[in-house]
Structures are given as C-alpha cells and as structure tokens.
Amino acid sequence: MEGSSQKSVLRIQGGRRLEGAVAVKGSKNASLAVLSGVLACSEPVFLRGLPNVSDIRIKLGLMVQLGAKVEFFDEGVSIDCSELRNADIEPDLARKIRTSFYMLGPLMARLGNAKLPQPGGCPIGTRPVDFHIKGLTALGAKVDLRHGIYHAKADKLQGCEIYLDFPSAGATQHIMATAVLAEGHTVLQNAAIEPEVITLANFLNRMGAKVEGAGSTTITIEGVPRLKGGEFPIPADRLQAGTYLIAAAATGGSVRVEGVLPEFQSPVVSKLKEMGASVDQGGDWIQVHAGEYHAATTVKTMPYPGFPTDMQQPMAALLTTANGVSIVEETIYENRTQHVPELRRMGAIIHQDGRTCVITGVARLDGAVVTAPDLRGGAALVIAGLMARKETIVKGVEWIDRGYEDFETTLNSLGAEIERIPAEEWEAAS
Ligand code: EPZ
C-alpha cells in the first residue's frame with residue numbers, strides 16, 4: 001500500500017457536468033474501527049477492501065511499531081497481532097490521526113498495560129477523549145496522562161455498565177474493542193448507532209467475540225478470553241458515496257454510486273430531493289439526477305441517523321448556488337466551518353454566526369485559489385471548484401488524501417477535469 005508524501009495541489013476546470021457510474025471504495029472510518037479490533041485478535045486477520053488512504057497507512061504503521069506483522073496482497077492485507085509490545089510511539093505520528101488513541105484499550109486488554117500519545121486528527125474541534133477514559137476506567141483500568149502520553153494499566157478487566165454522555169462513535173468503538181476481552185458482561189448505554197459500529201461488531205463477532213445490539217443504543221458484550229483470526233470484508237464508504245452524490249447534484253449531472261446501501265444515504269438523499277434532484281435506488285446502488293435548478297434548504301447535523309457532520313461541508317458547497325437562502329447548522333463539532341472563508345473567496349455569500357451559516361445562493365461561483373482546511377472541507381472545495389467558472393486551485397490536498405482514495409481520478413472518470421500538480425511546480429509557475 002503506497003502513497004505519495006509529496007505535497008500537491010488540484011487544478012480544477014469548472015463547469016463540467018458529472019455523468020456515469022462509480023464503484024465506491026472501502027470505508028475509511030469502518031477500516032479504522034476494525035483495525036483497533038484487530039489488535040484484540042491473537043491470530044492473523046485478513047482484511048479485504050481496506051482503502052489506500054493516508055489515515056489507514058498511518059494506522060498500519062503505528063500497529064507495526066506495536067508488534068503487528070503486516071503483509072500486503074492484491075486481494076487484501078494480512079495483519080498478525082499475535083505478538084504485541086508496548087513501544088515509544090512517536091507523538092507526531094500518533095497525532096496525525098484521531099484513532100491512534102482507540103488502540104489503547106485493546107492493547108491494554110492484551111498486554112495488561114499500554115501507552116499511547118494524545119491523539120490528533122482533523123482540526124474540527126477540541127475532540128476530547130473523556131468518554132473513552134471513563135469507559136476504560138469503568139472496565140477496571142487505571143488511566144493517567146503523563147507528559148502527553150496516556151498510560152493505561154489493568155491487572156484484570158471486568159465487565160460493567162457504562163453510560164455514554166453522548167453517543168460518541170469513537171468511544172463506542174473503543175469500549176467495544178476492549179470489553180470483548182474483559183471478564184463477564186458489559187452493557188454500553190447511549191451507544192452510537194453508526195454503521196461503522198455495526199461493522200466493528202460484525203468483525204469482532206466473526207473473530208469469536210460475543211457482541212449484541214450494535215446498531216441500537218444498548219450494546220451488550222460477553223467477554224471472551226481471546227479472539228481468533230479470520231477474513232473480513234470492509235464495506236463501502238458511505239461518506240465517499242455521499243460526496244459523489246452531492247458532486248453530481250452540484251454539477252447538474254447524473255451519477256450512479258454502486259456498492260453502497262441506500263439506507264445509509266437517507267439524510268443526504270432526502271436533502272438532495274428537497275432541493276429538486278430526482279433519485280433512483282436499488283439494493284446496493286443510488287443514482288442522482290440533478291434538477292433544472294436547486295432550491296435552498298436547511299441542514300442540521302446530528303448523530304447517526306441524523307444528517308452526518310461529515311457531509312455538512314460538501315453540502316454547504318452545493319448550497320452556495322441554490323435558489324434562495326439556506327441555513328446550515330453544525331452541532332457536533334465547534335470548528336467544522338473553516339471551509340467558509342475559502343468558499344467566500346469563490347464568491348459565495350455566507351453569513352456565519354458561530355456554528356450556523358446562512359448561505360444566500362449566487363448564480364455561479366468563480367474559480368479561485370483556496371486551501372483545504374480539513375478532510376471534508378477539502379472535498380467541499382473540490383465540489384465548489386467543479387461548480388465554478390474557470391479554474392480553481394485547491395491547496396492542502398494532503399487533507400483530502402486522508403480519506404478519499406483516487407479522488408480526482410474517480411471524478412475525472414465521471415467527466416471532471418482535475419489535474420494533480422506537485423505544489424512546488426505550481427508555486428514556481430504562479
Ligand atoms: C468519528 O469521529 C469519525 N472519525 C468522524 O469522521 C465523524 O465526523 C465522527 O465520528 C462523527 O460521526 C472516525 O471514525 C475516524 P465522536 P469521532 O466520538 O469518533 C465529542 C471524517 O471526516 N466527544 O462521535 O472522533 C466530540 O468532541 C472524520 O472522516 C467528547 O466530548 O467522533 C464530538 O463533539 C472526522 N468526548 C462528538 O463527541 C469524547 O471522549 C462526537 O465525536 C469523545 C467525543
């Protein structure tokens with residue numbers, strides 16, 4: 001699994017209509033959750049469909065530092081965590097992804113103690129880890145933060161009742177991947193019901209765990225002494241799928257996304273319909289046909305199955321040219337609006353008050369030089385570039401590469417005109 005470490009920009013010629021079909025790749029967030037679960041397995045695991053994006057490469061690299069043996073094959077990736085060790089993980093590497101921290105619990109469950117640096121991830125809010133620590137502590141661990149490193153220790157993990165103050169996807173996954181190796185019965189209440197939580201439960205159960213209720217707000221886990229190995233397919237990425245659907249609507253096009261369950265796209269699809277698009281769907285595909293013009297609407301992010309925070313920024317890009325005034329409210333993260341000044345550079349009219357944006361639709365965006373502030377904000381700017389007159393340059397592409405495999409290649413296969421250029425080359429020429 002290779003990736004370029006070279007900084008790039010995307011040069012987008014706007015105004016091309018997207019048409020055609022796209023097979024959606026494996027889910028980044030489901031993969032990151034499953035990789036935490038792999039650490040709990042005492043035998044080799046074979047994952048099919050792991051996406052080749054930088055977040056996954058980083059997490060696999062961290063797992064190797066912890067003793068995992070990773071081998072890449074055409075059909076998937078083999079990961080053997082039979083012999084783990086605690087290592088002095090470089091804080092800068094751990095800080096690149098949020099889910100580096102979600103390895104603390106399973107590693108401790110395997111070794112009796114574990115240490116990992118404070119995590120990072122997209123700069124979209126403060127993103128504390130208090131729910132995680134509360135959960136691990138309830139299971140019997142002692143967790144300390146010393147000089148930026150979390151240390152967790154437990155002679156024995158004991159099943160218990162845990163109530164989450166908020167249905168955090170990450171805390172739900174982290175506690176599940178730990179409690180599967182605790183003694184006895186754990187009940188996790190107010191759990192996240194995200195599809196990625198169900199994927200992790202399916203993975204853990206395939207490896208011999210006893211997890212019930214994933215996908216509901218109460219998850220019960222009967223601990224087992226060890227997890228075995230086996231094969232597991234990573235499902236398609238619902239957030240990539242949503243991005244391509246929004247991009248299709250934004251360019252007045254017609255795109256079919258394949259390999260995804262339509263029920264996971266309901267919030268995005270219902271908004272696209274409200275805006276005037278027509279949508280067809282089958283067992284594992286959705287096709288959006290943009291309407292003649294798109295109407296303004298309101299979007300409020302909520303935990304699943306509400307409108308996903310991850311699709312808020314791409315949706316804001318689409319709404320910049322909607323007919324009328326739209327309101328977009330972000331309720332999950334404090335700082336997931338850094339795309340707004342960049343969209344304004346392209347002519348968008350957005351009034352921002354805290355986490356709420358009032359977007360007055362304009363006839364057309366204009367190409368500009370903009371910088372991706374984070375992963376989904378970067379995707380939003382690419383969509384804006386596709387909608388805009390003339391040329392847009394999106395800098396900070398490394399954010400987009402964290403979660404979208406072959407993003408511009410896929411969009412180009414649908415008729416977009418996007419070129420990846422080394423940042424140095426573009427800077428020298430501009
Ligand atoms: C996951 O992040 C995803 N990341 C995010 O996707 C996604 O936006 C988010 O879930 C919500 O769906 C991965 O799966 C790797 P949370 P996570 O714990 O697990 C607060 C993307 O673009 N909170 O559900 O970090 C937190 O600050 C990424 O692909 C606490 O207060 O999300 C936030 O406000 C970005 N204390 C809310 O809960 C905690 O201990 C939801 O966070 C944990 C979370």
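Predicted model: local features only at pLDDT ≥ 70, side-chain atom pairs only at ≥ 80, totals over all residues.
1. Helix H10 itself spans 309-319 and supplies at least two residues of the shell around the ligand.

2. His-147 also deserves a look while you are checking the backbone. The residue has a positive phi of about 50° although it is not a glycine, and its place is the loop between strand S7 (142-146) and strand S8 (149-153). Why single out these two spots? Most residues other than glycine have a negative phi, and most peptide bonds are trans.

3. Now to the ligand, which sits in the largest pocket. The shell around the ligand draws on two parts of the chain: domain 1 (8-25 + 236-429) and domain 2 (28-233) both contribute residues, so the ligand lies between them.

4. Which residues come closest? The shell holds 25 residues, and the closest are Asp-130, Ser-168, Asp-310, Ile-332 and Arg-376. Sorted by class, the shell has 11 nonpolar, six polar and eight charged residues.

5. Besides H10, at least two shell residues each come from helix H1 (28-38), helix H5 (130-138), helix H6 (169-179) and helix H12 (375-387).

6. A nitrogen atom of the ligand is 2.6 Å from an N or O atom in the side chain of Asp-130. For Asp-310, the distance from a side-chain N or O atom to an oxygen atom of the ligand is 2.7 Å. The side chain of Tyr-333 likewise has an N or O atom 3.1 Å from a ligand oxygen atom.

7. How much of the ligand does the protein cover? On its own the ligand has 830 Å² of accessible area, and the protein covers 91% of that.

Key
Residues numbered from 1 in each chain as written. Heavy atoms only, no water. Near = heavy atom within 4 Å. Polar contact = N/O pair within 3.5 Å; in protein donor to acceptor, adjacent residues only side chain to side chain. Areas by Shrake-Rupley, 256 points an atom, 1.4 Å probe, with all protein chains shown as cover. 1 Å grid on protein atoms, 1.4 Å probe; cavity = no way out; pocket = protein on both sides within 12 Å on 5 of 7 lines; lining within 4 Å. Sits in = over half its atoms within 2 Å of the grid points. Helix = DSSP H or I, 4+ residues; strand = E, 2+ residues; numbered from the N terminus. Nonpolar A, V, L, I, M, F, W, Y, C, P; charged D, E, K, R; others polar. Domains from an automatic or database assignment.
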